[in-house]
Amino acid sequence: MRASTVLLSSVVLIQLFAAQIDAKSSRSPWQTLSGDAPLVIARGGFSGLFPDSSSVAYKFAKQTSVADLFPNRQNFYPVNGVTSQGWFTIDFSLRDLKNASLIRGIFSRSEKFDGNGYSILTVQDVSMQIKPESFWLNIQHDAFYAQHNLSISSFLISASRTVSIDYISSPKLNFFSKVKGRFWRNEPSFVFQFLGKEEFEPTTKRTYGSILSNLTYVKTFASGILVPKSYILPLDDKQYLLPPTSLVQDAHKAGLKLYVSGFANDVDIAYNYSFDPVSEYLSFVNNGYFSVDGVLSDFPITASTSIVDFLVITKNGASGDYPGCTDLAYEKAIQDGADVIDCSVKMSSDGKPFCSSSIDLTQSTMVIQSPFRNRSTIIPDISSDPGIYTFNLTWPEIQSLTPAIMNPYRSYNMFRNPNEKNSGRIISLSEFLHLANKSTSIYGVLISVEYVVYLREKQGLDVVKAVLDTLTETGYSNGTSTTKVMIQSTHSSVLVDFKKKSKYETVYKVEETIRDISDSAIEDIKKFANAVVIGKSSVFPDVGSFVTGQTNVVERLRKSKLPVYVELFQNEFVSQPYDFCSDATVEINTYITGAGINGTITEFPLTASRYKRNQCLGRKETPSYMSPIKPGILLSLANPRSLPPAEAPYPVFTEDDVTESPQPPGTEKSPSSSTNAQTHRPSGQTRLTLSLRLSVFASLLLL
């Protein structure tokens, strides 16, 4: 039993959620009991990253465990009527534990901070060293200590002479009568902690669920209650939200403040939140119907961000919520506040341009369960693995396919929106452009074009012509539409071709991760592109899931008047280095305010658009929790023995990587061209093998 299970001492961070109010909601008072902003209570400091209640955990918001030091002092004791085995604090003096260090309390979290000598802190240590603005102590096992002639209540009364204690919580009803009226300073606020509804409160032998029905009685000894999230917003057996209970309103009616426990960025949350922990917090504090009075979190930084000028650009629409490039994915992206929606153009065998996340339909649809599954073929130009390609099917055949949502983190048992995994329909480029044009909120469209040379030479399909013709047919070329058009490609020769034939803006995508870019490469890019797309690691390189530093790629491109868009932003916490606190909003904030990028390319546009609307950075002084992360700081705190060996540095992007020969003219389609292909002209960029990427993605679709 760790010391932190005896006394959980946590810093109370005041008004963190005030930063999340947008202009509309800020005109309304908080619906808390007092009308003040909800508290964010840091459970054990920043325990989502660092060992619970360690000094570094508090300050940031010798791997010698007690088992290593005292292997023969394991013991058995009854705790709340259940015999438990472990190393119990009552068997040790504080002097015994001097050389013991804290480790992570949840073993699915990073082990890289274990073994760094984070010592056990006393209540006095936290008060003196951390100097919290407010101090919350949680008392779990006072009856157990009383059985061994140790009095938690006497300890608290004594400690209150030198330590300011603001809140005390406990799941035991009779504990509060032991301490009420005995404190030396101002008496703390007493908070009764509810455990599982079917669990029994030991002093009354009643279930916590039955006590919940008599909040008027709870008010006689406590000023607030602490409950699990499910007491307020329960989930069904599929991890979707059920209608909220009336508990918040009932508690406030009884005069009780209500605090909620169980918040962490790296645990499963309802699919309704699209893996975004900030959305979950806001559903408890700013939903238009009620506001809880505080949240107990392992990641206290999650509740912030700003108004800044950048573009929210989608990746295949809101593809984190619906199958990518479907009507529903694009409609959700518009609803979520995206500035730019994107279409990755592919071609059917009869020459119809449409939107698809992959040229291989096995990656984005259920084609392998359709009558067309026998059309699989190997095309070395694209992949060494078999695939069913868009140019092997006619447009009516493609329209008949069932789309499939991508699950890039299936190996972590993380699945996107299972209820909608096959929802929506594949749409043509024309439909996509009409949808964007109808929207009053969309700033622009990003049309991505790849495989141009192969399709021209081997399939007789001219993607450039098809895109330009469709833009003309939908009113984008004659000034009828006010929606901005951007054409993206990884090939400079393709963008040169578009520049010759149109006046649309062009965006050059650098596929490779780079550490720098030469002046000559920048000057070359400026000849044919209006903006550049780079990957996240070309801004903040990382190793072993830790950010190692920051490149100057963004700075150099922006000094040359080239806007920089960065991809790919995702909400799943496993997609982010530990530095970003398992919070997609912290990651976005660092790229926007720390690196100065001009746009985020994301599968979850709601997260980025909400960040963009936030009022926090409009203040004269930016709050400390809104500061971008400092690259390399977290890495310096990790145990060096747990890190992987250093990797070779990323390359410098040069003029040779940009330059390509002009695009070849189109040819008539050959009947045998789909299976008898030759290698097309490569891009000047150093390429990753597509076959590896596609074969990995192929395994992520089917559940």
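Rings of Phe, Tyr and Trp (its six-membered ring) count as a pair if their centres lie within 6.5 Å, and planes over 60 degrees apart make the pair edge-to-face. The views below are taken from a predicted model.

**View 1. Aromatic pair Tyr77 and Phe144.** A search of the whole structure finds 33 aromatic pairs. In the one shown here, the ring centres of Tyr77 and Phe144 are 5.8 Å apart and the planes meet at 80 degrees, so the pair is edge-to-face. Tyr77 belongs to strand β3 (residues 75-79) and Phe144 to helix α4 (residues 142-147); the pair links distant parts of the chain, 67 residues apart. Both Tyr77 and Phe144 are buried.

View 2. The rings of Phe192 and Phe221 form an edge-to-face pair, at 5.9 Å centre to centre and with 85 degrees between the planes. Phe192 is in strand β7 (residues 189-193) and Phe221 is in the loop between α8 (215-218) and β10 (224-228), so the pair ties together parts that are 29 residues apart in sequence. Phe192 and Phe221 are both buried. They are members of one aromatic cluster, which also takes in Phe175, Phe176, Phe183, Phe190, Phe194, Tyr208, Tyr217 and Tyr231.

**View 3. Lysine charges over aromatic rings.** Tyr231, a member of the aromatic cluster, has the charged end of Lys197 over its ring, 5.0 Å from the ring centre. In another such arrangement, the charged end of Lys612 sits over the ring of Phe310, 5.6 Å from the centre of that ring.

**View 4. Nonpolar cores.** The largest nonpolar core has 79 residues, and Ile341, Phe432, Ile447, Val467, Ile487 and Ile525 are those with the most contacts inside it. Helix α15 (residues 463-473) supplies the largest share of this core, six residues. Apart from this core lies another, of 56 residues, including Ile130, Val163, Phe221 and Val295.

View 5. Five of the six residues of strand β17 (residues 484-489) are buried, so the strand is largely enclosed by the rest of the structure. Strand β16 (residues 444-449) runs parallel to β17 and is joined to it by five bridges; Leu446 has Met486 of β17 as its bridge partner. β17 also pairs with strand β18 (residues 505-509), in the parallel sense, over four bridges. Here the bridge partner of Ile487 is Thr506 in β18. Neighbours within four places in sequence aside, the residues in contact with Ile487 include Ile447, Val449, Val467, Leu471, Leu495 and Phe498. Tyr504, Glu505, Thr506 and Val507 are also among the contacts of Ile487.

View 6. Five of the five residues of strand β5 (residues 135-139) are buried, so β5 is largely enclosed by the rest of the structure. In a regular strand the side chains alternate between the two faces of the sheet. In β5, Phe135, Leu137 and Ile139 point one way, while Trp136 and Asn138 point the other way. β5 pairs with strand β6 (residues 167-170) in the parallel sense over three bridges, and the bridge partner of Asn138 is Ser169 in β6.

**View 7. Helix α10 and strand β11.** Nine of the nine residues of helix α10 (residues 277-285) are buried, so α10 is largely enclosed by the rest of the structure. Among them are Glu280, Ser279 and Ser283, as well as Tyr281 and Phe284. The buried residues of α10 pack against β11 (257-263), β12 (294-297), α19 (584-594) and α20 (605-612). β11 is itself mostly covered, with five of its seven residues buried. Five bridges join β11 to β10, and the two run parallel; Ile225 has Leu258 of β11 as its bridge partner.

**View 8. Surroundings of Ser538.** Ser538 is found in the loop between β20 (531-535) and β21 (542-543). Ser538 is buried, with a relative accessible area of 0%. Neighbours within four places in sequence aside, Ser538 is in contact with Glu512, Thr513, Ile514, Thr551 and Val553.

**View 9. Confidence along the chain.** The mean pLDDT of the chain is 82, and 81% of its residues reach 70 or more. Over residues 1-28 the pLDDT stays under 50, and the model has 110 contacts beyond four places in sequence for this stretch. The pLDDT is also below 50 over residues 303-307, a stretch with 34 contacts in the model beyond near neighbours in sequence.

Definitions and conventions
Residues are numbered from 1 along each chain as its sequence is written. Side-chain values use heavy atoms; hydrogens and water are left out. Rings of Phe, Tyr and Trp (its six-membered ring) pair if their centres lie within 6.5 Å; planes under 30 degrees apart count as stacked, over 60 as edge-to-face and the rest as tilted. Buried means under 20% relative accessible area, exposed over 50%, partly exposed in between (1.4 Å probe, protein chains only). A charge sits over a ring if NZ of Lys or CZ of Arg is within 6 Å of the ring centre and within 35 degrees of the ring normal. A nonpolar core is a set of buried Ala, Val, Leu, Ile, Met, Phe, Trp, Tyr and Cys residues joined through side-chain atoms within 4.5 Å. Contact means heavy atoms within 4.5 Å. pLDDT is the predictor's confidence in each residue, from 0 to 100. Two strands pair if DSSP finds at least two bridges between them.
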